[in-house]
Amino acid sequence: MRRLVGMIVFLVVFPLVLVGFGYAAYAVAGLAASAFLSWGLQPAYGTALANVVFLMLVFVMLTATGLTIGERKWSALMQNRIGPNRIRPFGNPLAGLPYILADGLKTLTKENIQPSARSKFLYEMAPVISLAPAFALFAVIPVGPRVAVSGQQVALQVASPDAGLLYLFAIASLAVYGTSIAGWASNNKLAILGGVRASSQMISYEVSLGLSLVGAMMAYGTLRLEEMSVAQGKLLWGVLPQLGFILQPVGLVLFFASAFAETKRAPFDLPEGESEIVGYFVEYPGMKFAMMMLAEFIEVVVLAGVTVAVFLGGWHPIVFEGWLKANLSPLAFAAVCAGAFMLKTIALAWLQLVIRWTLPRFRFDQIQKLCWKMMLPFALANVFLTGALVLADPTLEWLAIVGIVEIVALVALTAAATKAPEPAHGEHGHGGAHAAPAHGH
Amino acid sequence: MPYKVIEDSPADFRERLFLPEVIRGVGIIAKQFWRNFFLQRDPNPDILLRKTPTVTIQYPEEKQPYPPGYRGLHRLVPREDGKPRCVACYMCATVCPAQCIYIEADEVEGDPIEKYPKRFVIDELRCVVCGFCVEACPKDAIRMDTGEHAPPTYTREGQLLDEKALLRGAPVSYQYDPWLRRGATAVDPKKLEEMRQRAKPFPAGATDELSQTPGFSVRQLAAEAKGRGA
């Protein structure tokens, strides 16, 4: 009972903490902009700098670090285990959070074992090359709307290039270099197998990753993520916000699956594949290994952020949005928006972990088959269908109708299993509740 | 082909679509997650009776109880006055197959016949936990009912348990105890009278009471054998 109450309190307090964090981010960005203006510099640079610190180094880094514990603690909850709880600073395991410090201490103090036949420069560079693009990806993600703070227009977005999504694709492709280079520079057969697997997998999924977003680009008529976020607040027929997953349900599923493959995590964790080849980082000790692992978690957060920005309404809180907008000051509303974005991102990161523990690892031919024979045709069909519908009806209402039909079909297909009288499958009567892919906790 | 491709695609069209089944699986795992997220873990040591699905036993804090009849660490059963019931008869040391019991007998001062163990040492490292010593003891002076195993120590010497370490647990007195029937000069007469008052009657199924197996009764079996007419 105490736990139940505590968890409900946590679920209420946690979004409020995120909103508070959003408020702080706006305040700091506004201060930085004013300061830069008073020093005779571009205020936009000040905002960007503050955002780099607050969004990338604090939000993304903290979430990714938290995910290293979430990976263990959440998976324990999913598997009816308890999870890490042996470190008890105040006689309380504190949900396993002290393990972050212990992990840091351990990885930093490990002996630095290096293969003597390594390629010295590339070997040292690979973890950095893995980590940096993952961070850089977050630069174009709009966490909060544009709002006036202390006389300056401030947005919680590091940069807003016209290329937008293209920048995203370009940087996302760079991440594979770290993996491949790590595999090659280690001069280890298993490591290079991991690197080769990573590159072939990434090249495959890059295609469907790009194509799955083309539909959204056409529907919103822009490449810039912040414009997409704004567009998702518009209402269809005056009631339904034109959210990405309503207009592009197929795009969401394909993008989410491709993003999963990009993060190199189960069920697409062939480059790691710890049961067959140890992975591309087999020769990396201590903190270098931790950087590679952290890069994976950062990619999880960043790709969850992209999914939110494009498909799940960006920073729109969606529920009570009109009421919030009418009753709160613009800055407070913007903070609520930023909190909503971060909450959605964390929820999607959670969903990725659930999927990670649901599906076993694919075989390599299955992975390629899934990509080239299933996802790519679907993505292409989606592009053509979306193009035709957008051309026929620029108000996007037809697109929304088709999208809703697709969602209903998916729900029906998922719910169909519960009606089949198969005693082998337990857990009846549940599929429907989780059918909509956008349903975030 | 370097590997054999197994064609195991399901016949059902819906399952071949893959996505609905994935969503269903995610639903199952998510349900599991939220149930464990909200519910307090039931720490019942009997995991079959737990109300939550977690089966882990947090060992040093939570211990699974041993079944009745489990032969645990030895103890020397004390009398009411705190002295061991042991009369240093060497029965346990004699029957011990591992020869892990060492006894040095001494005479009780001021008593013409009674003995007591001046030293009573059990080497828990040599003990094979057979329980013969318990069976052999005529005075119910050594038992293995502590429900513990030998505690870990850093040295081998730590596993040598002497009479001070072994003498613990609830005291026991029987009316047939010789020191109560005959009177013991070493014990304060008032205390002796108190012990007599509190002593349990001579156990009708003495063997049965000390039996390690619940439901096992030598006397009953003997009575049945007699009834059968051998």
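This briefing describes the two chains of the structure shown above, their contact with each other, and a few individual residues.

The structure is a predicted model. Chain A contains 14 helices and four strands, while the secondary structure of chain B comes to nine helices and five strands. Contact between the two chains involves 29 residues of chain A and 27 residues of chain B.

**Confidence in chain A**

- The mean pLDDT of chain A is 87, and 95% of its residues have a value of 70 or more.
- An exception is the stretch of residues 425–441 of chain A, where the pLDDT is below 50. Leaving aside near neighbours in sequence, this stretch still has 46 contacts in the model.

**Overall form of chain A**

- The radius of gyration of chain A is 22 Å, which agrees with the value near 22 Å for a compact globule of 441 residues.
- Computed along the principal axes, in the sense of a computed extent, the C-alpha trace of chain A spans about 65 × 65 × 50 Å.
- Of the 441 residues in chain A, 47% are buried.
- When contacts in chain A between residues at least 6 apart in sequence are considered, 76% of them join residues at least 24 apart.

**Overall form of chain B**

- The elements of chain B, read from the N terminus, follow the order α-α-β-α-β-β-α-β-β-α-α-α-α-α.
- Chain B has a radius of gyration of 29 Å, whereas a compact globule of 230 residues would have one near 17 Å.
- The C-alpha trace of chain B spans about 95 × 55 × 45 Å along its principal axes.
- Buried residues account for 21% of the 230 residues of chain B.
- Among the contacts in chain B with a separation of 6 or more, 63% are between residues 24 or more positions apart.

- Four helices of chain A, namely α1 (2–38), α2 (43–78), α12 (330–358) and α14 (397–419), each supply at least two residues of the side that touches chain B.
- Helix α14(A) provides the largest share of this side, with five residues.
- Sorted by class, the side of chain A that touches chain B has 18 nonpolar, six polar and five charged residues.

**The nonpolar cores**

- The largest nonpolar core has 131 residues, and those touching the most other members are A:Leu55, A:Ala338 and A:Val354.
- Helix α10(A) gives the most to this core, contributing 18 residues.
- Beyond residues up to four places away in sequence, A:Leu55 touches A:Ala25, A:Val60, A:Phe138, A:Val143, A:Leu156 and A:Val158.
- Another core, of 22 residues, lies apart from the largest one and includes B:Ala88, B:Met91, B:Ile142 and B:Leu167.
- In soluble globular proteins, nonpolar side chains tend to be buried together.

**Helix α10 of chain A**

- This helix covers residues 286–311, 26 residues in total, and reaches 37 Å from its first C-alpha to its last. That length is close to the 38 Å expected at 1.5 Å a residue.
- Helix α10(A) is mostly covered, as 23 of its 26 residues are buried.
- One residue of helix α10 of chain A is A:Ala290. A:Ala290 is buried because 21 other C-beta atoms lie within 10 Å, and the cut-off for a buried residue is 20 or more.
- After α10(A) comes A:Gly313, which has a positive phi near 85°.

**Two residues with positive phi**

- A:Lys264 is not a glycine, yet its phi is positive, at about 60°. A:Lys264 is located in the loop between α9 (249–262) and α10 of chain A.
- A:Lys264 counts as buried because it has 27 C-beta neighbours inside 10 Å.
- B:Tyr90, also a residue other than glycine, has a positive phi near 70°. B:Tyr90 is part of the loop between β1 (75–76) and α3 (91–95) of chain B.
- B:Tyr90 has 14 C-beta neighbours inside 10 Å and therefore counts as partly exposed.

Key: Residues numbered from 1 in each chain as written. Chains lettered and ligands numbered in written order. Predicted model: local features only at pLDDT ≥ 70, side-chain atom pairs only at ≥ 80, totals over all residues. Expected span 1.5 Å × (residues − 1). Buried ≥ 20, exposed ≤ 12 C-beta atoms within 10 Å, placed from the backbone. pLDDT = per-residue confidence, 0-100. Contact = placed C-beta atoms within 7 Å. Rg over C-alpha atoms; globule rule 2.2 N^0.38 Å. Nonpolar A, V, L, I, M, F, W, Y, C, P; charged D, E, K, R; others polar. Core = buried A, V, L, I, M, F, W, Y, C linked by C-beta atoms within 7 Å.
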